[in-house]
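The sequence and structure are shown first.

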Amino acid sequence: SVLGPSVRPFLGLLMLFAMRQLCQWLCALEPPQGMIWHDPGVPSALVTYNSRVQHWLGDRYPEKPVQFIGNGVDVATFRPRTPVERAELRQSFGLPDDRPIVLFAARASEKKNLDDVLRITRDDFHLVVCGATRGLKANHLTHLGLGPYARMPDLFGCVDAMVHASTGEGFPLAVQEALGTGLSIALLGDPGCAVWLDLAVGDHFEDPLLRLFQQPTDVGARR
């Protein structure tokens, strides 16, 4: 028998559940002031921090309002650094100080398109990769692996640019943190970015990335 030699434990649990539901019905309390979730299991509002998810939910639940609340960034933490701070931070991460540094920060996922980034010629910059344990070794590349998030403001503060090659992520927090730090960014075009930024972005990031250090206000790159 799936339930064992006796069904009595199952029946006991069923009775306890029924008694619990009855007690909740008999002893119902008024909801706290300001609470919008009056009926457990039936939300009164839907909130997303991604415009793509907002549209997805809106198409499937048109009777429910779907609110979009974007990510917030602590600009006192993610902030531009002085030249002295940048030099000290680069040394703490073991990064070179004789060429521009580009950051790729992402977890291990095919949608992050790290392979495309690694294929870009690194004659004019040094690439830093973090966010997952990958075991990468190559010229003009530093692999920091999976480090503590508490050090990300320092890492953003000592690099010159960020490359964001992901697809289907809208306007992710990492890009917003890079903007708060004052970095130039090369990224794939995504409708989610247009919610907050007026960018002319193309369908690839390689050319804008290579031009970042010559014309920082070129297509796909903004400070």
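## Overall features

Of the 223 residues in the chain, 33% are buried (under 20% relative accessible area with a 1.4 Å probe and protein chains only; exposed is over 50%, and partly exposed lies in between). The model is predicted, so local features need pLDDT of at least 70 and side-chain atom pairs count only at pLDDT 80 or more, whereas totals for chains, interfaces and linings use all residues. Residues are numbered from 1 along each chain as its sequence is written, and side-chain values use heavy atoms, with hydrogens and water left out.

Eight helices and eight strands form the secondary structure of the chain (DSSP runs numbered from the N terminus: H or I of at least four residues for helices, E of at least two for strands). Among contacts with a separation of 6 or more, 53% join residues 24 or more positions apart; contact means heavy atoms within 4.5 Å. The chain exposes about 14000 Å², and carbon and sulfur atoms supply 58% of this area (Shrake-Rupley method, 1.4 Å probe).

## Nonpolar cores

The largest nonpolar core has 22 residues, and those with the most contacts inside it are Leu95, Leu103, Met152, Leu155, Phe156, Cys158 and Val159. Such a core is a set of buried Ala, Val, Leu, Ile, Met, Phe, Trp, Tyr and Cys residues joined through side-chain atoms within 4.5 Å. At least two of its residues come from each of α3 (83-93), β3 (101-105), β4 (126-130), α5, α6 and β7 (184-187). The largest share, four residues, is supplied by α5.

Beyond four places in sequence, Phe156 touches Phe78, Leu103, Met162, Ala174, Glu177, Ala178, Thr181 and Leu183. Another core, of 13 residues, lies apart from the largest one and includes Ala106, Leu114, Ile120 and Phe125.

## Glutamine 176

Gln176 lies in helix α6. This glutamine is buried, with a relative accessible area of 12%. Apart from neighbours within four places in sequence, Gln176 is in contact with Asn71, Val73 and Phe171.

## The largest pocket

The largest pocket has a volume of about 600 Å³ (a pocket is an open set of points on a 1 Å grid where a 1.4 Å probe fits, with protein on both sides within 12 Å along at least five of seven lines; lining residues have an atom within 4 Å of a point). Of its 25 lining residues, Ala105, Ala106, Gly131, Met152 and Ala174 are the closest to the centre. The elements giving two or more residues to the lining are β5 (141-145), α5 (152-158) and α6 (173-181).

Note on methods:
Points joined across faces, edges and corners; volume = space filled by probe spheres on them.
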